[in-house]
Amino acid sequence: MRIETKCIQSGYSPENGEPRVLPIYQSTTWKYSSTEHMGRLFDLEENGYFYTRLANPTNDAVAAKIADLEGGVGAMLTSSGQAACFYSIFNICEAGDHFVCSSSVYGGTFNLFGVTMKKLGIDVTFVDPDSDEETLNAAFKENTKAMFGETIANPALVVLDIERWAKIAHAHKVPLIIDNTFATPVNCRPFEWGADIVVHSTTKYMDGHATSVGGAVVDSGNFDWVASGRFPGLTTPDESYHGITYTEKFGKAAYLTKLTAQVMRDLGSIPSPHNSFLLNIGLETLPLRMERHCSNAQKIAEYLNGNDKIEWVKYCGLPGDKYYDLAQKYLPDGSCGVISFGVKGGRAAAVRFMDSLKLAAIVTHVADARTSVLHPASHTHRQLNDEELAAAGVTPDLIRLSVGIENVDDIIEDIEQALENV
Ligand SMILES: *Cc1c(COP(=O)(O)O)cnc(C)c1O
């Protein structure tokens, strides 16, 4: 099936007489008639539901759809994108370990990795994603366990050279984890370029309507944990789970099974089945919405680019953008609906422009059906100092415009009237 069909059909196939639409299994638990049957479920000897933190039919159907969209062996839903990013690393890193991360990542991820995970004894080195090979190689250490980056960085809009990063990660015997939130699998499938694990904040385009915070971790099944020799958590018995060795028992699904059976079991950031139901409805129209987000954003980027009140525009669909060539390679059908730009007059002009908008709303959120706008230096990235802001590719005048799926002329007229007030 092609991706538009998968968005509609994957994950749930009702049998004769069953509901056409994926039901919401809003139940924490399942009933069994024998002690022994339940015991087999706990031993992972038999498939079956018993507790929603570990598995739930609504969550699983949506996870299966996302896995299919990315071309992975399986996926696990989480209650937020933050949880997905944390779990993707924590599944293979423990105190004393280290990983390498692009410095152009979402502000929340930057803080999670650089501050909170350090408190757990997991160290990170942030690297400029465009660094040459020598610089990237120099970031790796004996205890490095993963490499992490975003397909299109939020909000810096840096396009990652995934294929190059995958080669470097693999040369160091570690997996490449890609946050594919902004591109979505409609526009880029990182596994096709060598990435091993994909994470999502489903809160953004996948949900698409700003109703539910959520996340997902998808496993390609391609990374050879045994050959790497760096991942005893996957290749030696887990005493907390009946002495199971994940790679022996689950093969290509080793990472995903450990993620569910150990990390989710213990940390518990599971989404509500009701939220997964809403996410599934969002996924059904994802290809249509991405097409419109991208065509609207392209027109608006071109409009801003030609406007003399605008200092600069970043959108990888603009010829001349630093990432235009990488976008042509990785995102040939479109990138995302997010544009960043600076209004002439710096921080003060940015604030005046934003306060003058009528249709575009000031919200923290990004990547939903409604056009919205944000000033990262005063909002999402306000925890970062100027040096960290620069490293994350965020200047004080940067405005992040998340172009919605309204009529593009209405959005342009709103921008035009707001610019008149600057
Ligand atoms: C929003 C976002 C996150 C965090 O996701 P939440 O769902 O808000 O927890 C992670 N990565 C990227 C790229 C994001 O845009």
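By class, the lining of the largest cavity holds four nonpolar, seven polar and no charged residues; here Ala, Val, Leu, Ile, Met, Phe, Trp, Tyr, Cys and Pro count as nonpolar, Asp, Glu, Lys and Arg as charged, and the others, Gly among them, as polar. A cavity is a set of points, on a 1 Å grid over the protein atoms alone, where a 1.4 Å probe fits but cannot get out, and lining residues have an atom within 4 Å of a point. The model is a predicted one, in which local features need pLDDT of at least 70 and side-chain atom pairs count only at pLDDT 80 or more, while totals for chains, interfaces and linings use all residues. Residues are numbered from 1 along each chain as its sequence is written, and side-chain values use heavy atoms, with hydrogens and water left out.

The count comes to one cavity of 30 Å³ or more, and about 60 Å³ of space lies in the largest cavity; a volume is the space filled by probe spheres set on the grid points, which are joined across faces, edges and corners. Helix 13 (273-284) gives the largest share of this lining, three residues. Helices (H or I, at least four residues) and strands (E, at least two) are DSSP runs numbered from the N terminus. Leu-77, Ser-212 and Asn-275 are among the lining residues of the largest cavity.

Then there are the pockets, each an open set with protein on both sides within 12 Å along at least five of seven lines. The largest pocket has about 770 Å³ of space. Its lining counts 28 residues, and Asn-47, Leu-54, Ala-55, Asp-60 and Thr-260 are the closest to its centre. Helix 12 supplies the largest share, five residues, and the lining divides into 19 nonpolar, six polar and three charged.

The second largest pocket has about 340 Å³ of space. Of the 21 residues lining it, Gln-82, Tyr-106, Ser-201, Thr-203 and Lys-204 come closest to its centre. Eleven polar residues sit in this lining, along with six nonpolar and four charged. Domain 1 (3-281) and domain 2 (287-419), with bounds from an automatic or database domain assignment, both give residues to the lining, so the second largest pocket lies between them.

As for the ligand, 15 residues surround it, with Asn-154, Asp-179, Ser-201, Thr-203 and Lys-204 the closest; a residue counts if one of its heavy atoms lies within 4 Å. A ligand oxygen is 2.6 Å from an N or O atom in the side chain of Lys-204.

Conventions: Polar contact = N/O pair within 3.5 Å; in protein donor to acceptor, adjacent residues only side chain to side chain.
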